[in-house]
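Biologist: Could you walk me through this model? I'd like the overall picture and then a few residues.

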Amino acid sequence: MLKGEALKGKRALVTGSTSGIGLAIARALRAEGADVVLNGFGDPDEIEAIRAELGAEYNGANLMDADAIAAMMEQIGTIDILVNNAGMQHVAPVEEFPPEKWDAIIALNLTAAFHTTRFAVPGMKEKGWGRIINTASAHSLTASPFKSAYNASKHAIAGFTKTIALELAQTGVTANCISPGYVWTPLIEGQIPDTMKARGLTREQVINDVLLAKQPTKKFVQPEEVGALAAFLCRNEAGNITGSNYSIDGGWTAE
Ligand code: NAD
């Protein structure tokens with residue numbers, strides 16, 4: 001399945017890569033020759049099939065647990081590419097938003113990226129080359145109601161990314177966000193019932209009047225399109241792209 005060699009010899013950790021966007025990014029990096037470390041939850045047989053397909057390593061650390069992240073990063077050792085992608089959503093009005101869901105979303109969508117980054121940066125600096133890509137969201141640039149924790153975490157990861165880009169600007173290590181609009185993955189499917197409840201809508205109304213209403217193209221973004229953008233940002237030609245937040249949202253944030 002290898003297509004290119006632009007990332008040959010590079011070792012990449014992609015968090016949340018057993019599903020959706022992370023899996024597509026892992027496939028895209030592998031297709032350019034990178035060695036991939038997978039992370040995420042799921043059915044053990046399905047994970048093993050993905051691991052075998054990509055000739056990858058797998059580490060199942062729970063990224064809501066700082067100690068588990070530390071153990072994972074120590075076990076993995078030096079990496080050249082870090083993709084902080086694992087994330088979760090919960091949809092509810094702020095006064096009904098369960099505090100434990102708030103804590104979980106901030107821990108996974110934001111704090112986990114701080115921990116992986118702080119462990120990955122010294123090795124990247126030593127090599128004089130590195131790529132940090134954070135899967136943010138259109139919700140890092142704009143907001144929708146009933147997603148208080150998610151929107152807060154995504155705005156914050158965008159600020160974190162800009163900060164580390166500046167800190168690392170002269171080291172050969174870049175840091176960027178990719179901000180997808182609605183991508184058809186289990187994360188989106190999973191929020192449809194709660195959105196139906198929060199807004200009093202049918203499934204079709206949620207898909208057409210809430211989700212696709214945001215995207216002028218009226219199409220869901222495909223995970224492979226996000227994978228291709230991530231692979232580009234890892235190439236040597238992208239060495240001067242840092243501190244950027246790349247929208248891939250069918251025109252959503254242009255409005
Ligand atoms: P997904 O639910 O398909 O995948 C999430 C991944 O994270 C899975 O591999 C899952 O096992 C893993 N994960 C969940 N909890 C974890 C934990 N505690 N520790 C380790 N791994 C864990 O979701 P997706 O849609 O592919 O989302 C991936 C990223 O893209 C998220 O950060 C999400 O916020 C972002 N995003 C998604 C969309 C979209 O429309 N799907 C849009 C914008 C941004």
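Predicted model: local features only at pLDDT ≥ 70, side-chain atom pairs only at ≥ 80, totals over all residues.

Modeller: Residues are numbered from 1 along each chain as its sequence is written, and side-chain values use heavy atoms, with hydrogens and water left out.

Biologist: How many helices and strands does the protein chain have?

Modeller: Helices here are DSSP runs of H or I with at least four residues and strands are runs of E with at least two, numbered from the N terminus. Counted that way, the protein chain has eight helices and seven strands.

Biologist: And what is the radius of gyration of the protein chain?

Modeller: It is taken over C-alpha atoms, and the globule rule is 2.2 Å times the number of residues to the power 0.38. For 255 residues that rule gives 18 Å, and the chain comes close to it, so it is as compact as a globular protein of that length. The radius of gyration is 18 Å.

Biologist: What share of the residues in the protein chain is buried?

Modeller: Buried means under 20% relative accessible area, exposed means over 50%, and partly exposed is in between (1.4 Å probe, protein chains only). Of the 255 residues, the buried share is 53%.

Biologist: Which residues of helix α2 are buried?

Modeller: Helix α2 covers residues 44-54. The buried ones are Ile 47, Ile 50 and Leu 54.

Biologist: What covers the buried residues of α2?

Modeller: Cover comes through contact, meaning heavy atoms within 4.5 Å. The elements that provide it include α1 (20-31), β2 (35-39) and β3 (57-59).

Biologist: Is His 90 buried or exposed?

Modeller: His 90 sits in the loop between β4 (81-84) and α4 (99-127). Leaving aside neighbours within four places in sequence, the residues it touches include Phe 97, Ile 105, Phe 146 and Asp 194. Its relative accessibility is 14%, so His 90 counts as buried.

Biologist: What is the phi of Phe 146?

Modeller: Phe 146 lies in the loop between β5 (130-135) and α5 (148-167). At 26% relative accessibility, Phe 146 counts as partly exposed. Although Phe 146 is not a glycine, its phi is positive, about 75°.

Biologist: Where does Lys 218 lie?

Modeller: Lys 218 also has a positive phi, about 60°, although it is not a glycine. With a relative accessible area of 49%, Lys 218 is partly exposed. Its place is the loop between α7 (203-211) and α8 (223-234).

Biologist: How many Å apart in space are Thr 253 and Lys 214, C-alpha to C-alpha?

Modeller: Thr 253 is in the segment after β7 (245-248), and at 29% relative accessibility Thr 253 counts as partly exposed. Beyond neighbours within four places in sequence, Thr 253 is in contact with Ala 138, Leu 141, Thr 142 and Ser 247. Thr 253 and Lys 214 are 39 residues apart in sequence, and their C-alpha distance is 8.6 Å.
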